[in-house]
Amino acid sequence: MYMKSWLDENINDTLEQFIKTHNDYNENTIYVVNPPLDGVAYVCEYAVQYPFAHGHHTHSTVRIEQYWDADGKSLGYKFLDDENRISYPKTHVLLRVDQQPRFREIRVGNAVTYKAEKNAKKETDYVFPIDSDLGKLITKNKDAINLALVYGTIEIAKPMPIEELSPSVYRVYDNINGKTYFFDDTGKRFEPKPPVEYKKNDKFKSGTIKVNNKKSAKTSQIIASKEMEM
């Protein structure tokens, strides 16, 4: 009973609060129910640690599914093994996208360094179809993402940050497998084209000169024929 009463009192974060406090690394996929069903617009399954004083253990863990309405207000939760839990038709995934930061160049003597401007990096929420390439990548790697957070290196890095490189172009770096993926705003994966190198075309330039010469010669012939007529 203690666990249930503690959860009832503490599981009330808005969707925005939940993203900031529990989901900074996209380790828990938030699903979009579109259109909402019984007022539920967002669903997320995740683990909750609640205080539990018993012997040497101070916390215990339980997995729940939390629900929010279209405005992000919490509608409560259910245990995953609850027989009354409804299976909502999750159509999209809600992901927090990191926009590419702007950098300022700093020169000290011959040394050049780049420092990210303050408040330049912003996070924006986007929704992608759950059956898109990006949606499948995120949901498929959810367990691996959680493991990366637990068994990370010295500094816990974002396992799969999503960056907005430019309008409608998103990059995902999977440091678990050491791969980089690119997606458009529909969540479809694509391979970026290599930059095109433009070289000076001397043939085109000489061709232009020849055309100009031809025009000049033709104009001279017309003038000469008119003078003969006179």
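1. Starting with helix 2 (residues 15–22), its buried residues are Leu15, Phe18 and Ile19. Buried here means under 20% relative accessible area, exposed over 50%, and partly exposed in between (1.4 Å probe, protein chains only). Helices (H or I, at least four residues) and strands (E, at least two) are DSSP runs numbered from the N terminus.

2. Those three residues span an arc of only 100 degrees around the axis, so they sit on the same side of helix 2; the arc is taken from the directions from the helix axis to the C-beta atoms. The face turned away from the buried side of helix 2 carries exposed Lys20 and Thr21.

3. Keep in mind that this is a predicted model, where local features need pLDDT of at least 70 and side-chain atom pairs count only at pLDDT 80 or more, while totals for chains, interfaces and linings use all residues. Residues are numbered from 1 along each chain as its sequence is written, and side-chain values use heavy atoms, with hydrogens and water left out.

4. On confidence, the chain has a mean pLDDT of 75, and 61% of its residues reach 70 or more (pLDDT is the predictor's confidence in each residue, from 0 to 100). Residues 151–157 fall below 50, with four contacts in the model beyond near neighbours in sequence. Contact means heavy atoms within 4.5 Å. Residues 206–211 also stay under 50, and they have zero contacts beyond four places in sequence.

5. The largest nonpolar core has 20 residues, of which Leu7, Ile30, Tyr42, Val48 and Ile64 touch the most other members. Such a core is a set of buried Ala, Val, Leu, Ile, Met, Phe, Trp, Tyr and Cys residues joined through side-chain atoms within 4.5 Å. Strand 2 gives this core its largest share, six residues.

6. Which residue pairs with Glu65 in a salt bridge? The partner is Arg85, with the closest N and O atoms 3.3 Å apart; a salt bridge is a side-chain nitrogen of Lys or Arg within 4 Å of a carboxyl oxygen of Asp or Glu. Glu65 lies in strand 3 and Arg85 in the loop between strand 4 and strand 5 (92–99), so the pair ties together parts 20 residues apart in sequence. Glu65 is buried at 2% relative accessible area, whereas Arg85 is partly exposed at 31%.
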